[in-house]
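Me: I would like to learn how to read a model like this one, feature by feature. Please give me the general idea each time, then the case at hand.

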Amino acid sequence: MKTINSLRLKRRTLLKGLGVVGLASIAPCSYAQGNSNQPLPKVRLKLSDYKTFRSTCAMECLHCNLTAYTYQGKLMKIQATEGFNVKCCLRGMSRTKWVYHDQRIKTPLLRVGEKGKAEFKPISWDEALDLIEKNIRETIDKYGNEGLFISTHAGNMDSIKNDMGKAFFDYLGGSTKQAGSLCCSAVTAAMIPMLGLRYADTRDTIADSRYILCWGNNPAVTMQAYFKNYNQARRNGARLVVIDPRFSETAAKADEWIPIIPGTDTALALGMIKIIIEENRIDENFLRAHTGAVYLVDANQKQVRQNKDDKDSYLVFDTLSRQLVRHDSSGIKPALFQHELPEDLNYTTVFEQIYQQAKGWDIARVSEETDVPTETIVRLARDYSSITPSMIVQNMSGAQRTEHGAYVAGSQFYLALLTGNIGKRGAGVCDAGGARQMANFSPIVPPAPNVKNIPPIPVAKVGDFIVNEKPHPINFWWIMTMGVMTQLPNTNKVREALKKVPFVVVADNLMSSTALYADLVLPVTTIFEDTSLMAGVRSQYVQLMEKAVEPAGEAKPDYWIFARLAERFGFGDVFNKPIEHYIDACLVGSGITRQMLEKGPVRPVEGDWIPFKDGVFRTSTKKAHLFVEDWQKKNFSPVVAYYQVTESVKGSPELAKKYPLMAVQRKLARSVHSSHGMNEWILEVQRNQPNVLIHPEDAKSRGIKNGEWAITFNDRGEHRAIAVVTTHIKKGVISLDNGWWEQQGGSSSHVTNDQVEHLGTGHCCNSTLVDVRREA
């Protein structure tokens, strides 16, 4: 196995590949060759000598459109597609080094040594498929379909491959699946019941905003292709404010940085809400007409309906007729405030419920909980509600990757709804978003018959549940498009789980950290090596992903693998049709055809996209709901409330004596999660060692100096990184890099909390206590 230091290259090689030297001087074999002392021959070519193909980065990024240049069947160069609305980054342009990486898996590999030691032997595809079939059948015979487990995530977010994998296991009769997500299921738990739609972004009108509040989010890195919109807003006079424990890349470009104690964001939001309500900074007309703030709640904390069998028959009190009426009756003015209700009516409004939650959060209490100065809290509330249109940028923020993340997300929607800052240009809450908010798409295969209802495993608890056989033993584990050894929390427990499961299949194109622990590794294609479709939740464009070159070695698309397996299990006719069939199936209902996509990316709508325009939401009532009954069913408050994070200094004072620092994770421009983590050009341009950001006072008390190796640790494990001693991190907090491979020393997930977020079954990586020591 090559070390990271052996993957360095000369800068001129990088510049050639990016086209800085120019296409005409690129040798056709330069990407397949290793370093050599012999000069590469120059071939003078015209652009017309190259063939071009289009595709898109498929990881959990922004899915920028890419154009590949090929010559004599070789991928020569990748660049941003001319005329596309954004420019791709170095990661996209360097995908040539992914396709021709010297650690590409080119044949099925069977483990012959200890898991984790990378000791494999090559086998044929027929042998690999035989082994998979045998182990699936044996697992079902011995454990039932519960013994099968499939893990997928964001390593490839195209519209075919993950869906094909999940469908295959459904056609087998079902399998154990993951519940929740590592990225943002806490947002889903708030946004779906409140607004009726997830993945709705406001990127098109960021430049129209006058006040942008980046809350626990770092768009300079995570929305880099669209950061031009933020820059334009600043040029237009907008104020940019960042709330984050870390002085991020976005904070460096902002007007104000507000550091905060991790996990206390909801307390800050409730303090802002109190000020906004008490200073009458709300948009009463918007709340009455477009939200459920006027719905009535009885003494048992239940929303009042006209008909218990009609979930949309919410009752309100009409201040004109002085009667209880349905909320959607015409010609009414529903009561919003408690004083508008008759004294003998034993009901409150949802708005009053919200105010009662916020009422106790005076600025002194908020400041004590969050460590945000009182004057800053007041200014935040007043500026957000008066410098309009104002926008909150949440975009799967680190603030919602906490134990009570759904309340964090919900509080941000409350702020937008209470002030009417939603559904118009320059306003709203910016989430991840793509073409699926604009058009309808269809399943690529018909639903499987007779799928068994099998309890899932919370994604944050995969390691723990498998090791402890909860809710049942797992005998066969299929892993695709997911780096479980770098992304799942509590890495040591995940490693134990990988070793425990008798047969683990990893489908990947590089010898990744997870592939090291596989029993069988399957070589799969990467972009430009197969045909697929991107109609997703990151780019507003539907894109045809064209095949440009033949796959490396014997690599196959994931959908080819499932087709061959389906044939062995008797339902091959569902999975073995040409890829064009599945692309066409997905496009049904969208108004877009494959023929249209062959001409270039297609956006389903024209003009700037404004989610929930004019206050029309995607709920069944077309109104925003602020009282979430799903939360109430889980014995949590149905309106946003603040709960202390368990793994925190205040929440676990005894544990904090042992591990007094809170750790938060940061995303880097060098990778997307762990994707591109071993890309040679990335390692040349970006740093190739993990960092830990630590405040000077915290470093001094531990004898840690800037630039020294330090060990972050807790009871879960350890993570080694270079100490960056800086005031760019809040005292009492450290920041860890996400995405480092085992071959590079291991992921920061070795120490992260595997607590399950309560309302969305999400990830609580930013609710983690640690300490740091100098490396001996």
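**Reading the features**

Me: Are Y171 and F575 buried or exposed?

Reply: Y171 and F575 are both buried. Buried means a relative accessible area under 20%, exposed means over 50%, and partly exposed is in between, with a 1.4 Å probe and protein chains only. The model is predicted, so local features need pLDDT of at least 70 and side-chain atom pairs count only at pLDDT 80 or more, while totals for chains, interfaces and linings use all residues. Residues are numbered from 1 along each chain as its sequence is written, and side-chain values use heavy atoms, with hydrogens and water left out.

Me: How many aromatic pairs are there?

Reply: Rings of Phe, Tyr and Trp (its six-membered ring) pair if their centres lie within 6.5 Å; planes under 30 degrees apart are stacked, over 60 edge-to-face, and the rest tilted. The count is 29 aromatic pairs. One of them is edge-to-face: Y171 and F575, with 5.4 Å centre to centre and 85 degrees between the planes. Y171 is in helix 5 (residues 161–171) and F575 in helix 19 (residues 572–575), so this pair ties together parts 404 residues apart in sequence. Helices (H or I, at least four residues) and strands (E, at least two) are DSSP runs, numbered from the N terminus.

Me: Which pair is stacked?

Reply: F476 and F503 are stacked, at 6.0 Å centre to centre and 25 degrees between the planes. F476 belongs to strand 18 (residues 476–480) and F503 to strand 19 (residues 503–508), so the pair ties together parts 27 residues apart in sequence. Both residues are buried. Ring pairs also link a cluster that includes F168, F169, Y171, F476, W478, F503 and F575.

Me: What is the burial of helix 5 as a whole?

Reply: Helix 5 is mostly covered, with eight of its 11 residues buried. Among them are K161, N162, F168, F169 and Y171. The helix is followed by G173, whose phi is positive, near 115 degrees.

Me: Where does a charge sit over a ring?

Reply: The test is that NZ of Lys or CZ of Arg is within 6 Å of the ring centre and within 35 degrees of the ring normal. The charged end of R198 is over the ring of Y199, 4.1 Å from its centre. R95 lies over the face of W98, at 4.2 Å from the ring centre.

Me: Which residues have the most contacts inside the largest nonpolar core?

Reply: A nonpolar core is a set of buried Ala, Val, Leu, Ile, Met, Phe, Trp, Tyr and Cys residues joined through side-chain atoms within 4.5 Å. The largest has 79 residues, and L195 and W215 have the most contacts inside it. Elements that give two or more residues to this core include helix 6 (185–195), strand 8 (211–215) and helix 14 (405–418). Helix 14 supplies the largest share, 10 residues. Contact means heavy atoms within 4.5 Å; not counting residues up to four places away in sequence, L195 touches F413, L417, I422, F612, F617, R618, T619 and A624. Another core of 53 residues lies apart from this one, and M164, F168, F575 and L587 are among its members.

Me: How is the protein divided into domains?

Reply: Domain bounds come from an automatic or database domain assignment. Domain 1 is 45–100 + 525–552, domain 2 is 109–177 + 454–523 + 557–590, domain 3 is 187–435 and domain 4 is 653–774. The C-alpha centres of domain 1 and domain 2 lie 26 Å apart, and 19 residues of domain 1 are in contact with 18 residues of domain 2.

Me: Which peptide bonds are cis?

Reply: Omega is the angle to read. The bond joining T388 and P389 is cis, with omega about 0 degrees, and P389 is in the loop between helix 13 and strand 15 (390–393). The bond from K470 to P471 is also cis, with omega near -10 degrees; P471 lies in the loop between helix 15 (462–467) and strand 18.

Me: What is the phi of N395, and of D614?

Reply: N395 is not a glycine, yet its phi is positive, about 35 degrees. N395 is in the loop between strand 15 and helix 14 and is buried, with a relative accessible area of 8%. D614, also not a glycine, has a positive phi of about 60 degrees. D614 is in the loop between helix 21 (594–597) and helix 22 (629–633) and is exposed, at 55% relative accessible area.
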